[in-house]
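Here is a friendly briefing for someone meeting this structure for the first time.

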Amino acid sequence: MRKHLLFFSFLLLTNLAWAQRALLVGKVTKPKSDSIQIGVNPNPLSAQEAQSIGKLDATGSFSVEVPLKDASVVDFVYEDEAISLFLQPGDELEARFTGGSLMKSLKFKGKGANENNFLLAYNQKFLENEDYQVLPENITLKEKSFVEFLDFRKEDQLNFFEKYTAKNPVSDAFRNYIMAEIAYSYANDRLTFNELRTKVLGGPIKLSDNYYGFFKDVKLDNAPGVKSHSYLSYLKNYIRFQATAANHRPADLDYYEAIYNLAKEKLAGEPRNLVLANVLHESIRYGFIQYTSRMFDDFEKLNTNKDLNEFLAVSYNTSKGFALGSPAPDFKLKSSTGQEMSMRDFKGKLVYLNFWNSKCGLCQLDVPYAIELEKELANENVVFVNIGMDENEGYWRDAIARRKLKGVQLYGGNQEAITKAYKVADMPSYFLIDTDGTFISTKAKRPSNAGAKEQIMHAMEK
């Protein structure tokens, strides 16, 4: 009997341990690289990912265990291609694809396959098809046609999901995630329509009196949907919209405290805490520290996530000595063309500075957005400066040539002095530097963030 109890205890402990990770095995045909990477972001305020690496053997096979606290949206990176996966503790996925053709050839089997095969099909049908995107064409529509476009897209997405899941059951966590993505991408695109249309076409349009009547149909409290980027984006944009309606402006010294208080009033539970944490973090990042201490004291009383509180405290203490308006540290680095350049060479231009690494998954995800952003701002007084931190210069040069990277490409290599000077804790790291060489933002928005262009344009208007 004692042996049976011991064996049962061993099985129980083993199952409990296994429940906190997912297993991904697979095979790559015609491999182009010797490993895959799975990036899990444990902190919603940081771009730093916990990387799990799966090495390919001589046959192209790999196996990687991914530690997870709960269901998570993670980055799957192979060579210079990256896609999002939805992993849950206990998943046992088998992946097969062809090197150099990850997105087109990837297929899954096993536990978690239904969820991730759906994501592949959903992304191909809706996210990679311009007909379903707001940009570049649909933003030019007038109000009635734009709302009809969003209504059609939402109905098509829901029908696509229900038809798929009727034959391929998915978990409740995944259903909550997808339903939130569909509902809040609709709400977010409708909320930001006039602002985005103004940026693209150069002027706002007069919206009908009941245009924002959809607010009443959008649920603000949706704790099961917190994994959805669209849900959290909507909450942040909604709070900022309400702040603007109350005559609070981003340039106001008390702006972040104002939106903090609005979020505290209108939201509840985990969604509220995540939005408050984002507001507090932005206040720290952008140098509006006059009210930060008061907000942080209040947030500690509301939020029970000690890791989040500690992260914000470290960020605050670090940023106090790295204030906005101070001179950006100078450097002397060689460009991809062999020219030695320093920060002084860019005086008179707004500088969008990026520290990156060719092996960094998030860096690779940002590349197409960075290329598009630079193209859109080609006629503006801004220069895109990229400092590659690869230890191997050959990898850096190969990435520049392979991805046809634009802008100023400088090689930082393993020079710790420059990363310490700019307090680069993770990559990518972005900075906005004014025409006089002083910091505008020490945590500028990534190119993949829809607000990056707005932040740059706002900086040039000052």
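Contact here means heavy atoms within 4.5 Å. With that in mind, N188 is in contact with S233, Y234 and N237, leaving aside its neighbours within four places in sequence. This is a predicted model, in which local features need pLDDT of at least 70 and side-chain atom pairs count only at pLDDT 80 or more, while totals for chains, interfaces and linings use all residues. Residues are numbered from 1 along each chain as its sequence is written, and side-chain values use heavy atoms, with hydrogens and water left out. Helices (H or I, at least four residues) and strands (E, at least two) are DSSP runs, numbered from the N terminus.

**Helices that pack in pairs**

- Two packed helices are described by the angle between their axes and the distance between the axes.
- Axes are lines fitted to C-alpha atoms, for helices over the stretch in contact, and angles run from 0 to 180 degrees between N-to-C directions.
- Angles under 35 degrees count as roughly parallel, over 145 as roughly antiparallel, 65 to 115 as roughly perpendicular and the rest as oblique.
- Helix 4 (residues 143-167) packs with helix 5 (residues 172-191) at an angle of about 175°, and their axes are 10 Å apart.
- That angle makes helix 4 roughly antiparallel to helix 5.
- On the helix 4 side, the contact includes F146, L150, R153 and F161, and on the helix 5 side it includes F174, I178, I182 and R190.
- The contact of helix 4 with helix 5 has ten nonpolar, three polar and seven charged residues, where Ala, Val, Leu, Ile, Met, Phe, Trp, Tyr, Cys and Pro count as nonpolar, Asp, Glu, Lys and Arg as charged, and the others, Gly among them, as polar.
- Helix 10 (residues 292-302) and helix 11 (residues 306-319) have axes 11 Å apart and pack at an angle of about 170°.
- Helix 10 is therefore roughly antiparallel to helix 11.
- In this pair, T292, S293, F296, F299 and E300 of helix 10 meet L308, N309, L312, A313 and Y316 of helix 11.
- Six nonpolar, three polar and one charged residue make up the contact of helix 10 with helix 11.

- Buried means under 20% relative accessible area, exposed over 50%, and partly exposed in between (1.4 Å probe, protein chains only).
- N188 has its place in helix 5 and is buried, with a relative accessible area of 14%.
- S230 lies in helix 7 (residues 229-245), and its 11% relative accessibility makes it count as buried.
- Leaving aside its neighbours within four places in sequence, S230 is in contact with E181, Y184 and S185.
- L119, found in helix 3 (residues 113-127), is buried, with a relative accessible area of 6%.
- Leaving aside its neighbours within four places in sequence, L119 is in contact with S84, L85, F86, F174, Y177 and I178.
- L119 and I178 are 59 residues apart along the chain, and their C-alpha atoms are separated by 9.1 Å.

**Helices with a buried side**

- F193, N194 and R197 are buried in helix 6 (residues 193-201).
- These three cover an arc of only 85° around the axis, which puts them on the same side of helix 6; the arc is that of the directions from the helix axis to the C-beta atoms.
- The buried residues of helix 6 pack against helix 4 and helix 5.
- After helix 6 comes G202, with a positive phi near 90°.
- Helix 15 (residues 452-461) has A452, Q455, I456 and A459 as its buried residues.
- Their arc of only 95° around the axis puts them on the same side of helix 15.
- Among the elements that cover the buried residues of helix 15 are strand 11 (350-356), helix 12 (361-376) and strand 12 (382-388).

**Strands and their partners**

- Strands of a sheet pair through backbone hydrogen bonds, either parallel or antiparallel.
- Two strands pair if DSSP finds at least two bridges between them.
- Strand 5 (residues 72-78) and strand 6 pair in the antiparallel sense over seven bridges, and V73 stands opposite F86 in strand 6.
- Elsewhere, strand 11 and strand 12 run parallel and are joined by seven bridges, with V382 in strand 12 as the bridge partner of L350.
- Seven of the seven residues of strand 12 are buried, so strand 12 is largely enclosed by the rest of the structure.
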